[in-house]
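User: I have a structure open and want to go through some of its contacts. Can you help me read it?

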Amino acid sequence: SISRIDEIIQDLQSIYECLGISCNDIGAYKIDRVSACIDPPVNLPLAEYTPSTLVRSHSMIDLDILQLRILAKLEGYNYAKHLYSYGKNSQIHRESDNDYIRTRSLKEMATNNERHAADPFYTEFVQYHNDPSYANTEIEAVLNGIGKWAAASVEQKMEVVVGTCAYRILYMNALAELAGAVAECKEGNLAAGAGGVHPWDEVAAFLIGSLEGAEAGGSSDLEDGQLMWNLANKRAFQFQTLNSEGYSTINLVLEDLLFAGKGEINSFDCTNLQRTVNKIQHLLLLPVIQSTIRYAIINQGLTSDSQLGELAEGEIFALSVLPIVKKYEENSASLIEENMILRPGNTLVPNGPQAVADAFYNALSNFGYSCSLVGATAQADACNVAGGPSAV
C-alpha cells in the first residue's frame, strides 16, 4: 500500500551496506516524496566503543562467520569453502570508485604473514601445533571431509569451523593489530600516530563485530554476536561475572583498555601502550578459559565416539588457549589435554571439571588477572584452589 512506501524504501536502504554500496552511489530521488538516505557514520560505535577511523567493514567479518555457521549446518561445504576462501561481507576500503571491489577473507587472515607481529603468542601457537597455518589446516580438512573430523557429525563440523574462525583466527589477527599499533606509536611522528589509531580500531572491530550494535554491552540478544565479545557475555551469565550494567565484567575491562590504548596512542605514550597491549592479550583468553571449563562440565563422562556438537566445542576452546597455558604451566596444559582433547576410545574429562578449573588457576597468575574474573558455576570454581568464589 501507499502507506508502506517509506517503510519499504528504508528496508531497501538498510541493505546498501551489505551490498557494498552507499547512499551516494544510488543518489537522491528528484522529489521529496522519498525520505533521505543516510550512510552509517564513520565512527558508528561498536558496543559503545567509538572508533576514530573507518573500520565498519572490518567489523562485518562476523557476518562471514554467521553465514559459515548456516552453510555448515546445511552441509553446504562447497559453498562454505568459497565463503571461507574469498570472503563476502567485509569489504576492503577502496581509494576511488575505479578500484576493484575486494573482500577480506578468513582464509587470508588465517595464513597471512602479518600474524608474525603477534609474537611471542604466534610462535607459541605454531610450535604447539607444529604448523604455521594451524587454523587454516583444521578448517580446510573439515570442509574437505578429511582428517580427524571426517566422520564427525554435522554439528561437530560446524562447531570446529565456526569456533576456529572466531576464537583462533580472529584472536591472532587482533594480537597482530595490537602489535602494529605499538610499532607505529614507536615511530614517533604525527603520521604514525594517526595510523596507529587505525589498527587499534581494527582490534575492536575483530573482537566485537557489527552484530553487537552500538549500545553499551552489545546486543541484548546473545544469539546475535559471533565473536569474542559475545562469548564473554554468554559466559558471564553462567559464571556469575556480570557487571552492574548486566554484561560481562571482562568486556567492561576490555572496553576500558581499548579507550586507554587509544589515548596512549594519541599522546605517544608507547610504554604504557605496550602495558595495555599485554593486558588485552591475556584478558581475551579468559572467556575461552570459562568456555573450556563449561564444556568440561557438559562433556564429563561422554566417550569420544559421541556425535554431540559439545565435544567439538570443548576441544576447540581448549586448543584456543592451550599453547599459552603450556608456555606457563606444562603440567596444567597436560591435564587439560587429557580431559578435553578427543582421542579414539577415550572418555572425556576423567579427572572432573574441577580439576580442569584448578589447572587453569595454576596458570592464571601468569596472565595477570584474578581467578574471580573467570568466576564459578555450581560444578566448578576457578578460585577453588585459592579458597572459593570469594577469592580475589
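Analyst: Start with a cut-off: a residue is buried under 20% relative accessible area, exposed over 50%, and partly exposed in between. Keep in mind that this is a predicted model.

User: Okay. Is Phe-259 buried, exposed or partly exposed?

Analyst: Phe-259 has 38% relative accessibility, so it counts as partly exposed.

User: And Tyr-49, buried or exposed?

Analyst: Tyr-49 has a relative accessible area of 0%, so it is buried.

User: How many aromatic pairs does a search of the whole structure find?

Analyst: The search finds seven aromatic pairs. Tyr-49 and Phe-259 form a tilted one, with 5.1 Å centre to centre and 45 degrees between the planes.

User: Where in the chain are those two?

Analyst: In distant parts, 210 residues apart. Tyr-49 is in the loop between helix 3 (23-26) and helix 4 (56-59), while Phe-259 belongs to helix 13 (residues 249-266).

User: Which residues do ring pairs link into a cluster?

Analyst: Phe-125, Tyr-134 and Tyr-171.

User: New topic, helices. What numbers describe two packed helices?

Analyst: The angle between their axes and the distance between the axes.

User: Then what are they for helix 5 and helix 6?

Analyst: Helix 5 (residues 61-73) and helix 6 (residues 77-86) cross at roughly 165 degrees, and their axes come within 8 Å. An angle over 145 degrees counts as roughly antiparallel, so helix 5 is roughly antiparallel to helix 6. The crossing is left-handed.

User: Which residues meet there?

Analyst: From helix 5, Asp-64, Gln-67, Leu-68, Leu-71 and Ala-72; from helix 6, Tyr-77, Tyr-79, Ala-80, Leu-83 and Tyr-84. By class, this contact has eight nonpolar residues, one polar and one charged.

User: And how do helix 10 and helix 16 pack?

Analyst: Helix 10 (residues 154-187) and helix 16 (residues 309-319) pack at an angle of about 25 degrees, and their axes are 8 Å apart. Angles under 35 degrees count as roughly parallel, so helix 10 is roughly parallel to helix 16. Their crossing is right-handed.

User: What makes the contact?

Analyst: On helix 10 the contact residues are Glu-155, Gln-156, Glu-159, Val-160, Gly-163, Thr-164, Tyr-167 and Arg-168. On helix 16 they are Gly-309, Leu-311, Ala-312, Glu-313, Ile-316, Phe-317 and Leu-319.

User: How many of each class?

Analyst: The contact of helix 10 with helix 16 has seven nonpolar, four polar and four charged residues.

Methods:
Residues numbered from 1 in each chain as written. Predicted model: local features only at pLDDT ≥ 70, side-chain atom pairs only at ≥ 80, totals over all residues. Heavy atoms only, no water. Axes fitted to C-alpha atoms, helices over the stretch in contact; angles between N-to-C directions. Helix = DSSP H or I, 4+ residues; strand = E, 2+ residues; numbered from the N terminus. Parallel < 35°, antiparallel > 145°, perpendicular 65-115°, else oblique. Left-handed = near helix turned anticlockwise from the far one by under 90°. Contact = heavy atoms within 4.5 Å. Nonpolar A, V, L, I, M, F, W, Y, C, P; charged D, E, K, R; others polar. Phe/Tyr/Trp six-rings, centres within 6.5 Å; stacked < 30°, edge-to-face > 60°. Buried < 20%, exposed > 50% of the residue type's maximum accessible area, 1.4 Å probe, protein only.
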